[in-house]
Amino acid sequence: MVVFAADGLVSFPNEIVDAVEQRFLTEGHPAEITSLRAAGMGNFVDTGEHAWCHEGLIARTISSYLSVCPKLCRMVEENKVQGYMFPLGPIMQLFQEVGRGMPGVMTKIGLGTFMDPRYDGGKLNQLTKEKGEDLVEYIPDFMGEDYLYYRSPGMNVALLRGTSADPHGNISCEKEAINLELLSVAQAVKASGGIVICQVEKLAELHEIHPRMVKVPGMYVDYVVVARNPENIPQNFDRRNNLNYNPAFTGEKVVELTQDNISLPLDHKKVIARRAAMEIHRGDHVNFGIGMPTYIPSILTETGNDDAITMISETGVIGGVPGAGRDFGCHWNAEAFCDHGAHFSYFDGGNLDVGVFGLSEADREGNMNVSHLNGKISGVGGFTDISSMSKKVIFMGTFTAVGIRTEVKDGKIRILQEGKYKKFIEKCEKISFVAQEFLKTHESILYITERCVIRRTKEGMVLEEVAPGIDIRTQILDQCDIDLILPEGGPKEMDPALFTEDGFTLTL
């Protein structure tokens with residue numbers, strides 16, 4: 001069992017992983033590895049765990065997110081390796097619990113989803129269902145409440161990455177864009193009787209690293225590997241430290257964000273982000289999920305509201321402006337870097353004002369599926385944790401998926417080509433968010449698209465707003481498989497200013 005503390009390519013020990021691959025190809029071992037990590041590892045193309053995607057090298061994968069490594073996804077889909085998917089928070093909290101000698105972690109996160117053992121128990125394919133072990137247990141009545149119990153699959157080796165190491169093995173991470181769970185992973189592996197190996201860019205003299213900058217004390221580290229090619233160490237999904245290192249992501253520098261580098265073109269993405277931004281209030285603490293939600297910070301900055309709220313990412317970065325696209329999880333001009341695992345205590349405690357997520361697939365109950373789309377495995381990441389515990393949730397995205405083309409002009413939107421797949425369907429194949437559970441303690445759930453706004457209330461899915469230029473029958477009702485409730489008098493019109501170049505204003 002090999003354990004990582006990486007997210008995308010942040011803290012990914014690339015040279016160690018490559019060396020393991022080369023040894024396997026020449027000597028046939030190590031083999032049948034189980035890879036355990038909280039987040040996904042890769043860049044959606046050809047790095048990360050792609051190096052281990054050889055039959056016989058990797059036998060089992062356990063994480064919250066797979067699609068950043070397409071080869072590994074295919075191996076799971078083709079029943080070549082066992083695959084498990086659990087929420088990001090419980091995996092990180094599992095490291096913390098194992099590190100203090102406990103066999104697992106108990107939580108409410110995942111109840112009612114495909115990760116609940118009453119459904120699939122997080123097992124991703126038939127091979128896992130037939131030959132895999134049960135790693136999560138349903139606890140029906142503990143002090144009158146239902147819980148899930150995620151247990152440790154065993155942890156033998158930790159492969160970590162930092163920036164510097166001193167002669168005693170103390171590790172610093174000053175060039176890392178995220179403060180990941182390196183310490184809790186090291187503690188869990190040591191408590192399990194395993195070894196900890198850490199890749200670094202350079203060696204430092206004793207006392208050269210400030211004690212407060214040490215992320216993993218040397219007493220947890222067994223081996224240090226100094227990178228042969230530190231210029232090839234990725235900073236995030238596709239940046240390389242010495243080629244395109246961004247000091248604004250590490251807190252080394254504060255840079256000015258101008259209209260030139262944050263402004264978005266007027267298209268359906270901007271329309272959706274604008275409408276979602278209208279749901280945020282001054283003083284809110286807001287977490288932005290991967291994908292389209294990362295456009296909202298640009299809208300806030302563009303309209304002069306970037307200092308009106310606290311912007312948060314699930315990676316533990318707080319303040320500043322979250323990066324978009326392949327910069328997801330990193331922040332321009334961050335104010336604080338919280339430990340990744342500890343950060344989820346904030347979410348689980350119900351402290352987050354607004355959670356904004358991509359709209360992948362919703363059913364007639366308002367449940368969401370983010371993990372299995374169009375026959376492909378994706379991932380839940382921190383979605384299940386954050387969406388179930390936020391005070392307010394917003395799902396934002398196009399009304400249909402794959403191939404949709406639109407034109408935004410003259411205060412209206414035209415659908416030039418519909419997407420290949422409907423997003424609002426009768427029943428989700430795998431559920432990652434249970435709407436009915438959320439509505440037990442909250443008033444409603446919002447789904448924002450380029451052509452309409454739908455609100456899930458206790459009565460059902462209500463078509464609340466429709467964009468100018470959109471025909472309700474042919475472009476909304478006929479393009480979904482659920483029965484939408486039309487309010488008395490009909491739905492309101494979405495603000496036409498959303499669809500103009502300069503007419504939109506926002507005051508939080």
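**Note on pockets, cavities, cysteines and rings**

1. α11 gives three residues to the lining of the second largest pocket, the most of any element. This is a predicted model, where local features need pLDDT of at least 70 and side-chain atom pairs count only at pLDDT 80 or more, while totals for chains, interfaces and linings use all residues. Residues are numbered from 1 along each chain as its sequence is written, and side-chain values use heavy atoms, with hydrogens and water left out.

2. The grid is 1 Å, over the protein atoms alone; a cavity is a set of points where a 1.4 Å probe fits but cannot get out, and a pocket is an open set with protein on both sides within 12 Å along at least five of seven lines. Lining residues have an atom within 4 Å of a point. Grid points are joined across faces, edges and corners, and a volume is the space filled by probe spheres set on the points. Helices (H or I, at least four residues) and strands (E, at least two) are DSSP runs, numbered from the N terminus.

3. The second largest pocket has a volume of about 710 Å³. It has 29 lining residues, with K108, L111, G112, V434 and E437 closest to its centre. β7, α11 and α12 (435-438) each supply at least two of the lining residues. By class, the lining splits into 10 nonpolar, nine polar and 10 charged. Here Ala, Val, Leu, Ile, Met, Phe, Trp, Tyr, Cys and Pro count as nonpolar, Asp, Glu, Lys and Arg as charged, and the others, Gly among them, as polar.

4. The largest pocket holds about 1300 Å³ of space. Its lining has 49 residues; Y65, I290, G291, G358 and S360 lie nearest the centre. At least two lining residues come from each of α8 (268-277), β21 (354-358), α11 (383-389) and β29 (421-422).

5. Two cavities reach 30 Å³ or more. L36, I62, F86, P87, P90, I91, L94, L135, Y150, R151 and P153 line it. Two or more of these residues come from each of α3 (88-99) and β7 (145-151). α3 gives the most, with three. The lining has 10 nonpolar, no polar and one charged residues.

6. The second largest cavity has about 40 Å³ of space. Its lining includes D7, G8, I178, N236 and C330. Six lining residues are nonpolar, two polar and one charged.

7. Zero disulfides (cysteine sulfur pairs within 2.5 Å) turn up in the whole structure. The sulfur of C198 is 6.8 Å from its closest cysteine sulfur, in C173, too far for a bond. C198 is buried, at 1% relative accessible area. For C480 the closest cysteine sulfur is in C452, at 8.0 Å, again too far for a bond. C480 is buried too, at 7% relative accessibility. Buried means under 20% relative accessible area, exposed over 50%, partly exposed in between (1.4 Å probe, protein chains only).

8. There are 15 aromatic pairs. The rings of F433 and F438 have centres 5.7 Å apart and planes at 55°, so this pair is tilted. Rings of Phe, Tyr and Trp (its six-membered ring) pair if their centres lie within 6.5 Å; planes under 30 degrees apart count as stacked, over 60 as edge-to-face and the rest as tilted. F433 and F438 are both buried. Ring pairs join F357, F383, F395, F399, F424, F433, F438 and Y447 in a cluster.

9. R118 lies over the face of Y138, 3.8 Å from the ring centre. K175 lies over the face of Y245, at 5.1 Å. The test is NZ of Lys or CZ of Arg within 6 Å of the ring centre and within 35 degrees of the ring normal.
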